[in-house]
Amino acid sequence: MSDLVLGSTTVLSDSSGTPTIQSGVGFPVGHVVQTVIDNDATTYANTSVGDDGTVSNGPVALSKAYSITPTSSSNKIMIYFMIPQVRINLDKSGLYMRVYRQIGSGSYAELAEASGDGSSTPKRAVFANFDKNGDGNRISTIMTGHVSDQTHGQSGVQVSYKFYFGCGDSGTHAIYVNRTENDNSSVYNFRTKTHCTLQEIKG
């Protein structure tokens, strides 16, 4: 157990790095309470069926989860991400990405507040409407930015986030992340790493 004193506020961190505010005036609104930095170098070649709005029959998730344990339910979680390579293998409807959230040991569900204003059609997403560009040695798009989670649950309960990818058309389509479609040993092929930083912001 180590402690860091900020002004008259003492923040204790346990072995997992989870802070707990112990005493003092407290953080001002907008202050960064804690930061968790993570990344994923896994190369994905997942498949996705046409999106029917469910996890099981719609978009597929990257296996990596990014987690943080908020110190207060009134604080916000900012999710900063960079996904350098995302590609779909066919010229179908539109590649899209959504953010899904798990609170505690619950199931993953779409973080709808991060997506656009959609319903049955048009549907909502964080990124959307990308197609296949070039041959199998090229990428479709780069996805980078940040979204906020203002309803993450209870204080002291871990919150985890995953990136889900899908295609609006019916049928089965492969989606590649952190790699090209071919992913061969040619000198012009590169593998990349997905980066994600979570910050708890005082509300």
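Start by selecting R87 and E181: R87 forms a salt bridge with E181, and their closest N and O atoms are 3.0 Å apart. (A salt bridge here is a side-chain nitrogen of Lys or Arg within 4 Å of a carboxyl oxygen of Asp or Glu.) R87 sits in strand 8 and E181 in the loop between strand 14 and strand 15, so this pair ties together parts that are 94 residues apart in sequence. Strands are DSSP runs of E with at least two residues, helices are runs of H or I with at least four, and both are numbered from the N terminus. Buried or exposed? Both R87 and E181 are buried. That word means under 20% relative accessible area, while exposed means over 50% and partly exposed is in between, using a 1.4 Å probe and protein chains only.

A quick word on what you have open: this is a predicted model, where local features need pLDDT of at least 70, side-chain atom pairs count only at pLDDT 80 or more, and totals for chains, interfaces and linings use all residues. Residues are numbered from 1 along each chain as its sequence is written, and side-chain values use heavy atoms, with hydrogens and water left out.

Stay with the charged pairs for a moment. Side chains of opposite charge can pair when their charged atoms come close. The whole structure has 7 salt bridges. Select R98 and E110 next: they form one of these, with the closest N and O atoms 3.9 Å apart. R98 is in strand 9 and E110 in strand 10 (residues 109-110), 12 residues apart. R98 is buried, at a relative accessible area of 5%.

Now jump to R138 and D135, a salt bridge whose closest N and O atoms are 2.7 Å apart. R138 is partly exposed, with a relative accessible area of 46%, and D135 also counts as partly exposed, at 38%.

Go back to the loop between strand 14 (173-177) and strand 15 (194-201), and pick N178. Its phi is near 65°, a positive value in a residue other than glycine. N178 counts as buried, at 0% relative accessibility. D183 is in the loop between strand 14 and strand 15 too, and its phi, near 50°, is also positive in a residue other than glycine.

Time for the inside. Which residues have the most contacts within the largest nonpolar core? They are I79, I83, M97, M143, Y161, F163 and F165, in a core of 27 residues. Strand 8 (76-88) is among the strands that each supply at least two residues of this core, and strand 8 gives the most, with 6 residues. (Such a core is a set of buried Ala, Val, Leu, Ile, Met, Phe, Trp, Tyr and Cys residues joined through side-chain atoms within 4.5 Å.)

Click on F163. Leaving aside neighbours within four places in sequence, F163 is in contact (heavy atoms within 4.5 Å) with residues including V60, Y66, F81, I83, M97 and C196. Then colour Y66, F81, F127 and F163, which form one aromatic cluster.

Finally, zoom out. The protein has 0 helices and 15 strands, and buried residues make up 41% of its 203 residues.

How values were computed
Rings of Phe, Tyr and Trp (its six-membered ring) pair if their centres lie within 6.5 Å; planes under 30 degrees apart count as stacked, over 60 as edge-to-face and the rest as tilted.
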